[in-house]
Amino acid sequence: MNPSTPMPVSQRIVQVCLFLVAAIAMTGGALQMYLGQPDTAPRLDNVHRFMAGVYFSTGLINLWAAVTIRRQGTLVYLLALGVLLAGVGRLVSISQVGLPEPAAVWLGYLFPELLLPFVIAVAHTVTSR
């Protein structure tokens, strides 16, 4: 697609969602890398900070995909799947150990993690047609 051609609305929706996921992952990853999990065993803090790095890097990948959205195909679906699996992980945690406090904050994380992947996948499918 020619860069001067207007972007379809469906593609713009995917792009905005990817920018949102990038901002969340990069902010959350950097914050968790800094904070760690100090009230636990060193092994768990180590794993927590490692996963914070993975979270941050996923944000960078989402950012790159959003910037280069006109050239993206399967990667968009894989990124959406990653967000969905993160939400499923949060659901498993809630079912196993309970909902952290304040509940509204954690549910505020959960709902977009379960909704955005479907918005991204549907909008990307519409764009790809």
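A residue is termed partly exposed when its relative accessible area falls between the limits for buried, under 20%, and exposed, over 50%. The structure discussed here is a predicted model. The points below cover its salt bridges, nonpolar core, aromatic pair and nonpolar surface patch.

**Salt bridges**

- The count of salt bridges comes to two.
- In one of them, the side chains of Arg49 and Asp45 meet at 2.9 Å, N to O.
- Both Arg49 and Asp45 belong to helix H2, where four residues, about one turn of the helix, separate them.

**Nonpolar core**

- The largest nonpolar core holds 15 residues, of which Val14, Leu18, Ile69, Val76 and Ile120 touch the most other members.
- Two or more residues of this core are given by each of helix H1 (9–35), H2, helix H3 (74–97) and H4.
- When residues up to four places away in sequence are not counted, Val14 touches Ile69, Val76, Ile120, Ala123 and His124.

**Aromatic pair**

- One aromatic pair is found in a search of the whole structure.
- The pair is formed by Trp106 and Tyr109 in an edge-to-face arrangement, with 5.2 Å centre to centre and 90° between the planes.
- Helix H4 (residues 103–128) contains both Trp106 and Tyr109, which are three residues apart, about one turn of the helix.
- Trp106 counts as partly exposed because its relative accessibility is 27%; Tyr109, at 41%, likewise counts as partly exposed.

**Nonpolar surface patch**

- Phe19, Phe56, Leu60, Leu63 and Val67 make a nonpolar surface patch of about 390 Å².
- Helix H2 (residues 42–67) supplies four residues, the largest share of the patch.
- Val67 is situated in helix H2 and, with 54% relative accessibility, counts as exposed.

Technical notes: Residues numbered from 1 in each chain as written. Predicted model: local features only at pLDDT ≥ 70, side-chain atom pairs only at ≥ 80, totals over all residues. Heavy atoms only, no water. Patch = residues over 30% accessible without salt bridge, like charges linked within 9 Å, V, L, I, M, F, W, Y side chains within 5 Å. Areas by Shrake-Rupley, 256 points an atom, 1.4 Å probe, with all protein chains shown as cover. Salt bridge = Lys/Arg side-chain N within 4 Å of Asp/Glu carboxyl O. Buried < 20%, exposed > 50% of the residue type's maximum accessible area, 1.4 Å probe, protein only. Phe/Tyr/Trp six-rings, centres within 6.5 Å; stacked < 30°, edge-to-face > 60°. Core = buried A, V, L, I, M, F, W, Y, C linked by side-chain atoms within 4.5 Å. Contact = heavy atoms within 4.5 Å.
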